[in-house]
Amino acid sequence: MSLCCGLSAALSAQVLEMPPSVLPVTKMTWDDGQDPMRSRLFRTTTCRTQIDLGGWWEFASGHGDSQDFPQPETTLWVPGTWNSVARYWNYAGPAWYRRRFEVPSAGNLRLSFGSVFHLSKVWLDGKLLGEHEGGYLPFAYIVPGVNKGAHTLVVRVDNRLSDRTLPKKNVDWFPYGGIDRPVYAEIVQPVFIERFHVIPAGNRLAVKVLARNLGPEAEAGLAFSVDGKELYVAKRRISPGASTVEFEAVLNKPRRWSPRSPNLYSARVVLDRDDQFTRFGVRDLRTEGTRILLNGERLRLMGANRHEDHPDWGSAIPPHLIRQDVEILKRMGANAVRAHYALPELFLDYCDQYGLIMLGEAPAWQYSSDQLHSPEIQRKILSYLEEMVARDMNHPSILTWSLGNEWPNPDNSYDIVRGLVEAARKLDGTRLITLVTGGAHVWRVHELIDVISVNWARYQWYDPFTTLDREEGDKSAADLNQIHARYPNKPVILTELGGAESQAGWHNWGNVKWSEEFQAKNVEDSAWYALDQDWISGGCVWQFCDTRSAPERFLAGRLHGWNGKGVVDAYRSPKLALYRVQQVFHWAAEPVSANGAR
Ligand code: ADA
């Protein structure tokens with residue numbers, strides 16, 4: 001039975017209601033068992049004193065390359081972005097943040113930034129600590145021997161993009177400037193853990209601890225436990241500087257992680273007088289012909305593309321609204337999410353906990369062949385992948401790493417793609433490596449990747465103005481089938497399905513552009529197609545919510561410069577498309593019996 005017959009039956013039988021809330025009631029207060037900075041769903045340490053540096057910071061825009069903090073213009077909330085405030089709505093350029101804070105006892109300070117967009121320089125008490133380029137990813141500075149008492153932190157941020165940045169200028173989302181994810185300071189011991197990865201293979205856990213030693217070589221106690229049970233104890237010599245400590249542990253009869261059963265384990269490493277917690281999941285991921293198999297079962301993705309974007313908060317969405325997005329996705333029947341860049345760790349914690357697969361990607365969006373041939377761009381893509389894998393290795397929800405999105409002619413950069421695929425595999429051999437391509441084209445680079453990812457729409461994205469043409473739909477389906485004909489043994493995911501803009505609340509009897517009906521039909525037909533073909537492993541609708549786009553993108557095909565293809569509007573009110581997609585996902589998720597009936 002084809003899915004479309006199923007749809008008409010389902011529609012005539014009933015109109016699905018939104019299921020009641022699927023996540024436990026929101027906990028609005030964070031207690032000691034959780035992260036005081038609200039940047040994770042669990043507490044990351046019991047040994048370190050942590051100082052939350054969120055709150056009001058002094059702020060000034062402009063002032064070129066000056067090394068000194070200028071006269072403050074106002075105060076801004078951190079984490080936040082200046083482009084969420086009317087006065088700096090469209091401001092792109094250098095800007096300064098400053099705050100004072102108290103260190104309760106003398107010690108070594110670790111200053112951690114969840115993300116600063118896009119280029120930053122940091123000073124503590126007038127001393128330059130360093131520079132970091134690239135948004136959406138964390139970085140940290142260590143300052144040994146800091147005195148007890150008041151200190152001043154200054155951060156210079158620049159959100160201007162160019163042809164040589166990652167992402168590039170004119171990208172189809174807004175380059176919000178600011179310190180847009182949590183900032184905190186920690187007092188660390190001379191020997192401390194920078195991070196650790198738990199890499200499961202069956203019941204064996206390979207553990208890699210990145211240790212730092214600010215003093216001379218030292219012998220340190222090392223202990224590893226899972227869910228409170230100690231699985232490994234040893235003594236290790238820790239050399240000065242950064243070093244990696246590796247060992248193996250065995251976890252008896254591990255429960256597997258999957259979207260339906262998101263079983264998680266909590267892991268703790270104690271090194272000398274420091275400790276760190278993480279969570280991990282055990283799952284078996286492989287491909288077999290066109291199938292993606294998770295724990296031996298076929299995986300079909302039903303998801304949405306999500307930008308970190310909100311009209312009031314820009315890219316600095318607060319925890320309770322991040323949680324609300326997860327809730328909406330679950331209610332929609334989604335089991336997957338995709339993003340053009342690294343989403344906050346808190347969002348990934350929710351994905352792990354509630355069973356949403358994450359399709360990860362470097363923000364190498366629509367780079368031309370010329371750009372890809374630049375060693376500088378290649379280096380930036382690689383270092384973004386490195387930092388993203390370092391941060392996210394432990395999340396069982398992550399299924400794929402994409403090198404980038406919609407490079408217009410990727411075959412012109414075949415050797416570059418090959419080099420990047422090899423490098424990405426070396427960084428993380430436990431995920432599928434991909435490159436997202438735009439439209440239904442057969443590319444030679446598809447042979448290099450583990451899963452073919454295609455952004456595809458049943459009808460055109462921006463035209464025609466009033467009709468959804470059946471012939472056009474059949475042609476784009478035929479084009480898509482050519483990819484399968486050329487690569488009959490590779491899995492294919494439709495990473496973007498859709499899409500059409502709609503003005504929330506504007507309805508029309510016919511399929512008139514900008515109406516909710518027009519969008520709903522567009523997205524629904526693409527989603528049906530993705531889930532009705534045996535050789536396609538599902539996909540993600542474009543997109544989750546309406547988003548603000550780059551100032552340069554006031555295209556004729558755009559509503560007031562925003563990307564209005566969200567199935568919910570910018571404030572997350574559902575559009576008609578959400579209910580249609582929900583019906584498709586719920587229907588497709590029902591088990592198929594031996595004779596094909598559901
Ligand atoms: C592409 C791109 C998206 C978005 C979309 C659109 O598929 O990958 O980021 O720009 O087009 O809305 O046009």
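This report describes the ligand site, strand pairing, aromatic pairs and backbone features of a predicted model.

## The ligand and its shell

The ligand is surrounded by 13 residues, of which the closest are D172, H340, Y462, E496 and K565.

Among the sheets of the model is an open one of 3 strands, ordered β20-β21-β22 and paired in the antiparallel sense. Its edges are formed by β20 (285-288) and β22 (297-298), each of which pairs on one side only. Between β21, which spans residues 291-294, and β22 the antiparallel pairing extends over 2 bridges, and in this region L293 stands opposite R298 of β22.

Elsewhere, strand β15 (residues 218-226) runs antiparallel to strand β16 (residues 229-238), and 9 bridges join the two. Within this pairing, G221 has K235 of β16 as its bridge partner. The hairpin that β15 and β16 make has 2 residues between the strands, and D227 adopts a positive phi near 45 degrees there. As a general point, side chains in a regular strand alternate between the two faces of the sheet.

## Aromatic pairs

The structure contains 22 aromatic pairs. In one of them, the ring centres of W96 and W123 are 5.5 Å apart and the planes meet at 25 degrees, which is under 30 degrees, so the pair counts as stacked. Because W96 belongs to strand β4 (residues 94-103) and W123 to strand β7 (residues 119-124), this pair ties together parts that are 27 residues apart in sequence. Both W96 and W123 are buried.

A further stacked pair is formed by Y350 and Y354, with 6.1 Å from centre to centre and 20 degrees between the planes. These two residues are separated by about one helical turn, because they are 4 residues apart in helix α3 (residues 345-354). Y350 is buried, and Y354 is buried as well. Ring pairs also link W57, F59, W82, Y88, Y91 and Y97 into a cluster.

## A buried tryptophan in a loop

W173 is placed in the loop between β10 (149-158) and β11 (178-179). With a relative accessible area of 3%, below the 20% limit, W173 is classed as buried. Along the chain W173 and E386 are 213 residues apart, while their C-alpha atoms are separated by 23 Å.

## Backbone features in loops

Two cis peptide bonds deserve mention. The bond from F117 to H118 is cis, with omega near 15 degrees, and H118 lies in the loop between β6 (116-117) and β7. The bond from G498 to G499 is cis too, with omega near -20 degrees, and G499 is located in the loop between β29 (492-497) and α8 (516-532).

Positive phi values also occur in residues other than glycine. Y136 has a phi near 70 degrees and sits in the loop between β8 (127-133) and β9 (139-146), where its relative accessible area of 3% means that Y136 is buried. K253, for its part, has a phi near 40 degrees and is found in the loop between β17 (241-250) and β18 (265-271).

Methods. Residues are numbered from 1 along each chain as its sequence is written. This is a predicted model: local features need pLDDT of at least 70, side-chain atom pairs count only at pLDDT 80 or more; totals for chains, interfaces and linings use all residues. Side-chain values use heavy atoms; hydrogens and water are left out. A residue is near a molecule or strand if one of its heavy atoms lies within 4 Å of it. Two strands pair if DSSP finds at least two bridges between them. Rings of Phe, Tyr and Trp (its six-membered ring) pair if their centres lie within 6.5 Å; planes under 30 degrees apart count as stacked, over 60 as edge-to-face and the rest as tilted. Buried means under 20% relative accessible area, exposed over 50%, partly exposed in between (1.4 Å probe, protein chains only).
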